[in-house]
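Let's take a look at a small molecule and the protein that surrounds it.

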Amino acid sequence: MLIAPSLLSCDFAKMGDEIVRIEKAGADLVHLDVMDGHFVPNITIGPSIIKALRPHTRLPFDVHLMIEHPLDYIDAFADAGADIITFHVEASSGIDETIEKIRSRGIVPGLVIKPRTPASAVFPYLDKIGMVLVMTVEPGFGGQSFMADMMSKLIEIRAECERRGLELLLEVDGGVSEKTISAVADAGADISVSGTGVFKAKDTAGAIRSLKGSDDKDSGLFNAILGKAAKHFQ
Ligand code: DX5
Ligand code: ZN
């Protein structure tokens with residue numbers, strides 16, 4: 001399991017230091033939650049902060065857009081140094097056009113589904129994207145409870161990928177902690193986001209280690225998908 005700590009739960013006054021801290025503690029990616037106050041009832045960070053954070057780490061930036069019009073901002077997040085950009089199928093931009101725009105900037109595109117959206121909503125796009133992110137909380141806030149019943153979506157999406165001979169990364173976001181990680185691992189996720197589970201832990205490295213688990217999953221697929229695009233990941 002690869003671990004992507006969500007900066008939403010870090011000390012916002014020390015973001016650069018927090019990134020260095022999680023990189024040293026064994027994080028695999030940095031998960032950046034972008035919220036616009038329209039798509040979700042919260043406002044967080046935008047491209048200028050992400051750009052300022054970019055020089056602080058070599059870890060890939062996994063940018064999760066919870067915004068109503070993602071297409072309008074792809075260039076800004078690409079310029080800021082995103083390696084993966086995920087956006088919601090429930091947002092208002094054209095999905096094909098947005099995927100195309102992300103790809104044209106050499107970035108891995110991914111689609112996100114909210115808890116009430118069925119897995120099948122991403123099926124028409126699976127051959128054009130590198131990742132599917134399954135939300136296990138309603139997007140908007142950190143620290144919510146994990147919805148275990150979302151795990152069946154991972155299994156459905158993986159089965160559809162296998163049926164069509166596609167290799168995609170599956171990521172889970174929301175309420176992932178030492179208590180819930182085994183369900184995520186059993187459902188076959190490649191990457192887990194964890195905000196409170198990492199940043200509120202007394203021992204950050206210990207928390208990341210235990211989330212990763214003993215089953216040292218081969219990260220070949222991750223490297224293959226990221227390697228095609230990533231400018232920062234080596
Ligand atoms: C929620 C965000 C998540 C969240 C995860 O809208 O997308 O990334 O910050 O935080 P935890 O792990 O605390 O649920
Ligand atoms: Zn997120």
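Which strands each supply at least two residues of the shell around ligand 1? They are β2 (30-35), β3 (61-66) and β8 (191-194). Keep in mind that this is a predicted model. Here's the rest of the picture, topic by topic.

**Who surrounds the ligand**
- There are 20 residues around ligand 1, and Gly140, Asp173, Gly175, Gly195 and Thr196 come nearest.
- β2 gives the largest share of that shell, with 3 residues.
- Sorted by class, the shell around ligand 1 has 7 nonpolar, 11 polar and 2 charged residues.

**Polar contacts and burial**
- Gly195 has a backbone N or O atom 2.7 Å from an oxygen atom of ligand 1.
- For Gly175, a polar backbone atom is 2.8 Å from an oxygen atom of ligand 1.
- His64 uses its side chain instead: an N or O atom there is 3.3 Å from an oxygen atom of ligand 1.
- On its own, ligand 1 would expose 370 Å², and the protein buries 100% of that.

**The space it sits in**
- The count gives 1 cavity of 30 Å³ or more.
- Ligand 1 takes up the space of the largest cavity, which holds about 210 Å³.
- That cavity is lined by 25 residues, with Phe141, Gly142, Asp173, Gly174 and Gly175 nearest its centre.
- β2, β3, β8 and α7 (196-199) each supply at least two residues of this lining.
- The lining of the largest cavity splits into 9 nonpolar, 13 polar and 3 charged residues.

Notes:
Residues numbered from 1 in each chain as written. Chains lettered and ligands numbered in written order. Predicted model: local features only at pLDDT ≥ 70, side-chain atom pairs only at ≥ 80, totals over all residues. Heavy atoms only, no water. Near = heavy atom within 4 Å. Polar contact = N/O pair within 3.5 Å; in protein donor to acceptor, adjacent residues only side chain to side chain. Areas by Shrake-Rupley, 256 points an atom, 1.4 Å probe, with all protein chains shown as cover. 1 Å grid on protein atoms, 1.4 Å probe; cavity = no way out; pocket = protein on both sides within 12 Å on 5 of 7 lines; lining within 4 Å. Sits in = over half its atoms within 2 Å of the grid points. Helix = DSSP H or I, 4+ residues; strand = E, 2+ residues; numbered from the N terminus. Nonpolar A, V, L, I, M, F, W, Y, C, P; charged D, E, K, R; others polar. Points joined across faces, edges and corners; volume = space filled by probe spheres on them.
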